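Subject: Structure handover

Hello,

Here is the structure we spoke about, with its sequence. My notes on a helix contact and on the aromatic rings follow below.

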Amino acid sequence: MANTKVSVIVPVCNVKPYLKRCIESLVNQTLSDIEIICVDDCSTDGSDKILRELARTDSRIKTIFHKTNMSTSQSRKDAVAVSTGEYIMFLDSDDEFTPDACEVAYYAIKEKRVDILQFNTQVINCSGVPESRIHLNERMLRPYTRSVIEGNLVSECWENKRFRFTLWNKIYSGDIVRKAFSYIKDGSFPKAQDLYAFFLIAHFSKSYAGIPRKLYKYSFGTGVTGKSSLSIPQFEVILTEKRVAEALKCFVKEQNLVEYTEIVENISMDLAGDCANNWVENIPKRHKDEALELLIKTWGYETIVFALARARWSRTDIVASCFMDTPYLKPSTEKKEIKTIAAYYRCIINGGAQRVVAELCNIWASMKDENGKPRYRVVLITEEGDFSGEEEYPLLSSVERAYLPERKTTTGKNYKIRYEALNKILDQYKIDVIVNSLWMDATAFWDLFAIRAHA
């Protein structure tokens with residue numbers, strides 16, 4: 001039997017300027033039957049002292065103190081484990097609830113009889129970012145209010161995009177949250193911990209509803225989120241999103257949840273994309289090389305290529321400028337004997353450029369060395385497609401053929417298919433040089449990443 005109506009979980013770490021305001025927004029709630037569980041994650045700025053003082057003034061405040069820093073994820077897990085509330089809410093320690101947040105949320109979730117109820121959020125600009133970014137965040141944080149949603153909430157969140165995974169703008173069934181958090185791995189998850197927790201909560205929940213009332217005051221820009229320039233240590237924190245990707249894959253595998261496999265793969269790619277976008281947009285030029293090495297070490301070269309392609313398929317100028325001084329796209333200075341030449345064009349049918357490519361292949365294939373043997377192995381790479389009934393320009397029999405997925409069907413989201421096909425061709429034919437006659441096409445730039453990986 002639950003002892004209180006609502007348990008509010010507050011993770012705390014070095015938030016001295018905001019902490020008292022945050023806790024006071026809970027102490028002064030119009031719903032008095034609540035417990036406030038605060039976990040100090042080894043603060044060094046005196047936040048722990050403020051917590052102890054506040055706890056002496058109100059018996060509803062329960063405190064846990066970590067001796068080492070263990071991240072917000074572990075703080076929430078420890079708090080959830082000792083919670084007794086019929087329902088559970090989460091509040092970040094640099095944010096606030098409106099005075100009636102617990103009361104409104106409690107009676108709304110009771111009335112709608114759902115496992116998860118989302119409310120609206122007021123976004124407060126704390127870092128001077130453009131107001132357009134604040135409005136964008138407010139739109140992203142809006143609840144879905146048209147109807148009650150029942151069924152697979154993981155799919156509703158990540159595939160149908162009915163609502164987002166933000167943890168703190170919702171109220172939940174206490175029993176479901178306690179069950180979900182028992183599956184969260186112990187340890188440090190400094191970034192994307194909301195996503196991790198909500199995925200598990202959504203998995204164990206069966207119903208969702210939203211209300212339009214703004215009950216949460218989100219201070220945007222007091223943490224790493226909202227920063228326009230990142231130091232290397234701050235970037236390293238963002239890179240820990242990889243831990244969440246791995247933890248979700250492990251959960252899906254252990255629970256044999258094959259229906260979530262594609263969703264989790266997409267989440268992983270989104271997290272990689274978030275890290276890559278932070279590198280592109282927020283790392284100063286003087287730290288670009290060091291940050292890129294950390295990025296690739298964390299996620300792997302190919303994953304970062306795919307993530308950037310998804311996010312910036314048509315903005316190759318921006319990606320190229322970031323890679324300009326790195327070794328990943330620079331031509332190799334190593335002198336190497338050329339044995340295999342490949343030419344690439346979409347086809348060799350009905351066109352001047354097509355005819356030139358075919359003739360180039362024939363010229364290279366006709367060249368002999370001093371012993372009268374073919375100087376080069378020649379491979380013509382064209383695109384897959386139905387060209388039946390159309391006659392290609394003639395090729396010498398020694399010119400070998402290989403095929404890539406069509407450019408017209410290749411996008412940032414599915415570029416992995418073309419990348420892997422190109423990799424297979426590079427390996428199979430041991431190609432030394434590729435002459436690309438479609439250099440104005442976006443795929444030419446992204447193909448460079450596969451080619452340079454083989455240099």
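Where helix α14 meets helix α17, the residues in contact are T316, V319, A320 and F323 from α14, and F445, W446 and F449 from α17. By class, six residues of this contact are nonpolar, one is polar and none is charged. Please keep in mind that this is a predicted model. The axes of α14 (residues 316–323) and α17 (residues 442–453) come within 10 Å and cross at roughly 35°. The crossing is left-handed.

Now the rings. The whole structure holds 30 aromatic pairs. One of them joins Y301 and F449: the ring centres are 6.4 Å apart and the planes stand at 55°, so the pair counts as tilted. Because Y301 belongs to helix α13 (residues 301–312) and F449 to α17, this pair ties together parts that are 148 residues apart in sequence. Y301 and F449 are both buried.

F323 and Y328 form an edge-to-face pair, with 6.4 Å from centre to centre and 90° between the planes. Both of these residues, F323 and Y328, are buried as well.

Ring pairs also link a cluster, made up of W279, Y301, F306, W313, F323, Y328, Y415, Y419, F445, W446 and F449.

Two charged side chains are worth a look. The charged end of K288 sits over the ring of W279, 5.6 Å from the ring's centre. R52 lies over the face of F65, 3.9 Å from the ring centre.

Regards

Terms used. Residues are numbered from 1 along each chain as its sequence is written. This is a predicted model: local features need pLDDT of at least 70, side-chain atom pairs count only at pLDDT 80 or more; totals for chains, interfaces and linings use all residues. Side-chain values use heavy atoms; hydrogens and water are left out. Axes are lines fitted to C-alpha atoms, for helices over the stretch in contact, and angles run from 0 to 180 degrees between N-to-C directions. Helices (H or I, at least four residues) and strands (E, at least two) are DSSP runs, numbered from the N terminus. A crossing is left-handed if the near helix is turned anticlockwise from the far one by less than a right angle, and right-handed if clockwise. Contact means heavy atoms within 4.5 Å. Ala, Val, Leu, Ile, Met, Phe, Trp, Tyr, Cys and Pro count as nonpolar, Asp, Glu, Lys and Arg as charged, and the others, Gly among them, as polar. Rings of Phe, Tyr and Trp (its six-membered ring) pair if their centres lie within 6.5 Å; planes under 30 degrees apart count as stacked, over 60 as edge-to-face and the rest as tilted. Buried means under 20% relative accessible area, exposed over 50%, partly exposed in between (1.4 Å probe, protein chains only). A charge sits over a ring if NZ of Lys or CZ of Arg is within 6 Å of the ring centre and within 35 degrees of the ring normal.
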